[in-house]
Amino acid sequence: MRFVSAITVLALLVSLPSADAGALPAPLQVDIPLSSGTLRAELFKPEGDGPFPAVIALHGCGGLAGRSEPVLPRYRDWAEQLLKDGKAVLLPDSYGSRGLGPQCRVKERPIRGRRERVEDIVASRQWLQQQPWAIHDRISLMGWAGGASALLWAVRPQLSTRGIEPDFRSAIAFYPDCRSSAGLGWSTRVPTLVLIGGKDDVASPPACRQMIDGARGRSALTRMVVYPGAYQDFDRVNLPLHALAGTSDAALPEHGHLASDAEARADSQKLVTEWLAR
């Protein structure tokens with residue numbers, strides 16, 4: 001019974017909106033052309049004609065949408081903060097656009113961070129640069145977990161910008177899985193901030209440190225902040241410490257722990273504001 005209750009509580013925390021979610025207007029769904037098919041995205045934009053800086057926000061392996069809402073509360077919460085700072089927020093739905101649900105426990109994922117999700121990132125940037133209300137040289141990236149891992153691929157110097165200029169202004173990766181990038185001579189062509197909990201046992205803080213330290217000889221554009229007592233999802237609101245082992249929710253990783261951390265959350269909010277103001 002305790003096991004069932006824990007799952008029920010976590011499901012409610014994932015699906016229920018935050019206390020301030022009602023203050024945020026409904027997003028506008030937009031369609032972005034891909035080389036094959038269409039990428040659906042949700043857009044939060046400040047009132048008026050702008051122009052506004054913009055942030056492309058990349059969901060994790062659980063997907064973008066909730067059971068009855070187009071954007072999960074965790075992403076709406078960040079969108080609200082960015083809107084208050086005068087930024088437009090574009091959230092591409094990489095899974096829902098392709099008829100897929102959560103991918104956290106799929107062994108052979110059809111949507112890969114280094115390919116399909118990078119294509120989504122490039123297409124989203126191109127779409128924003130066609131909008132008269134967007135400041136074309138102030139488009140940044142933010143990503144969480146799997147979305148953050150895709151971000152690390154998208155900012156590599158080896159990625160062709162395909163004639164779409166100017167480039168991203170900056171990038172912020174929340175708890176990415178750095179293990180692939182750490183062994184591939186990773187570096188970045190835009191200022192990139194990595195935020196991760198020291199107790200994150202879903203991703204790997206040591207792999208991120210190895211990746212960042214290895215990049216220093218090739219790039220001075222990276223910074224990593226480790227919150228010593230924090231787990232993955234530290235930036236979420238009111239999420240109690242929860243062990244994932246034994247849970248069956250397809251929208252959650254198979255192992256490790258998730259938990260809010262009020263101090264890490266507050267500091268990350270401050271750092272995000274500063275990083276995007278560069």
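**Salt bridges and backbone features**

A145 is buried, with a relative accessible area of 16%. This alanine sits in the loop between β5 (134-144) and α4 (146-154), and its phi is near 55°, a positive value in a residue other than glycine. The model is a predicted one.

**Backbone geometry**

- Most residues other than glycine have a negative phi, and most peptide bonds are trans.
- Like A145, whose phi is positive, Y175 has a positive phi, here of about 35°, although it is not a glycine.
- Y175 is placed in the loop between β6 (171-174) and α5 (179-182).
- The relative accessible area of Y175 is 1%, so this residue counts as buried, the limit being under 20%.
- A cis peptide bond runs from G50 to P51, with omega near 10°.
- P51 belongs to the loop between β2 and β3 (52-58).

**Strands β1 and β2**

- Strand β1 (residues 28-33) pairs with strand β2 (residues 38-44) in the antiparallel sense, over 6 bridges.
- I32 has L39, in β2, as its bridge partner.
- The hairpin of β1 and β2 has 4 residues between the strands, and in this hairpin G37 takes a positive phi near 95°.

**Salt bridges**

- Side chains of opposite charge can pair when their charged atoms come close.
- The whole structure contains 11 salt bridges according to the search.
- One of them joins K107 and E254, with the closest N and O atoms 2.7 Å apart.
- This pair links distant parts of the chain, 147 residues apart: K107 lies in the loop between β4 (88-92) and α3 (116-128), and E254 in the loop between β9 (242-243) and β10 (257-258).
- K107 is exposed, at a relative accessible area of 65%, while E254 is partly exposed, at 39%.
- E274 and K270 form another salt bridge through their side chains (3.0 Å, N to O).
- Both E274 and K270 lie in helix α7 (residues 262-276), where they are 4 residues apart, about one turn of the helix.
- E274 is partly exposed, with a relative accessible area of 42%, and K270 is partly exposed, with 47%.
- Elsewhere, salt bridges that share partners join R74, D233 and R236 into one network.

Terms used. Residues numbered from 1 in each chain as written. Predicted model: local features only at pLDDT ≥ 70, side-chain atom pairs only at ≥ 80, totals over all residues. Heavy atoms only, no water. Salt bridge = Lys/Arg side-chain N within 4 Å of Asp/Glu carboxyl O. Helix = DSSP H or I, 4+ residues; strand = E, 2+ residues; numbered from the N terminus. Buried < 20%, exposed > 50% of the residue type's maximum accessible area, 1.4 Å probe, protein only. Pairing = 2+ DSSP bridges.
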